[in-house]
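Student: I would like to study a ligand and its surroundings in a protein. May we proceed by question and answer?

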Amino acid sequence: MKKLAILISGRGSNMKAIAESCQSGTLKNIAKVSIVIANKLNAKGLQTASDLSIPTAAIDSSGISREEFDRTVLSFLKATKVDYILLAGFMRRLTKEFTDAYPNKIINIHPADTNQHRGLGAYEWAWKNKLPNTKITVHYVNDKIDDGQIIAQADVDLSGTKSLQEVEVKGLAVEHQFFAQTLKTVFQKNNQK
Ligand code: GRF
């Protein structure tokens, strides 16, 4: 059973989808969410995690250095002995010290093709450019924004969408399925090694 930590900054809908998948879906008997860590004290996802009986930690990233924040998170991860760290709506770049501590074990979901759009506002970008489709990318994390090796991508058909909100609803529906499915493949592959 893989022990997961999920890092969030806000709503936490991807975190919820993964947690539910571990409890009763694609990742059942394969993985478990051991801790959810937020860098914002008021992140809505903290309550969602508590409601799912998952231990949480809130570490306020404002006013401390990037290095200090990352070291504090690392100490929680080491104490919890996690196998993988998932970034799910975690709006921060990690230091090299952090990413080097977990090579090929930190995985992010990004709501665009990372070859085409990185950073914030990926659904706005797709909407403003009237893209007929966009991609969801699951990728390994390095110390740059949305830059690590791509693990898998899923297409999102945007034809007929009439608002940015519709684009987001369609994209998130794909994200919530695709992240868990991709993780299952990663965990099974790494079990065979
Ligand atoms: C998602 O679109 C995710 O791909 C991106 O930020 C958003 C976070 O949403 N990195 P949530 O917090 O998982 O609801």
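Student: Which residues surround the ligand?

Tutor: This is a predicted model, in which local features need pLDDT of at least 70, side-chain atom pairs count only at pLDDT 80 or more, and totals for chains, interfaces and linings use all residues. Residues are numbered from 1 along each chain as its sequence is written, and side-chain values use heavy atoms, with hydrogens and water left out. The ligand is surrounded by Arg11, Gly12, Ser13, Asn14, Gly89, Met91, Ile109, Pro111, Tyr123 and Glu175.

Student: How far is an oxygen atom of the ligand from an N or O atom in the side chain of serine 13?

Tutor: A polar contact is a pair of N or O atoms within 3.5 Å. The side chain of arginine 11 has an N or O atom 2.6 Å from a ligand oxygen, and a ligand nitrogen lies 3.3 Å from a polar backbone atom of isoleucine 109. For the side chain of serine 13, the distance to a ligand oxygen is 2.5 Å.

Student: What percentage of the area that the ligand exposes when taken alone does the protein bury?

Tutor: Accessible areas come from the Shrake-Rupley method with a 1.4 Å probe. Taken alone, the ligand exposes 360 Å².

Student: In which pocket does the ligand sit?

Tutor: On a 1 Å grid over the protein atoms alone, a pocket is an open set of points where a 1.4 Å probe fits, with protein on both sides within 12 Å along at least five of seven lines; lining residues have an atom within 4 Å of a point. A molecule sits in a pocket if more than half of its atoms lie within 2 Å of its grid points. The ligand sits in the largest pocket.

Student: How many residues line the largest pocket?

Tutor: About 790 Å³ of space lies in this pocket. Gly89, Phe90, Met91, Pro111 and Leu120 are the lining residues nearest its centre. The number of residues in the lining is 37.

Conventions: Near = heavy atom within 4 Å. Polar contact = N/O pair within 3.5 Å; in protein donor to acceptor, adjacent residues only side chain to side chain. Points joined across faces, edges and corners; volume = space filled by probe spheres on them.
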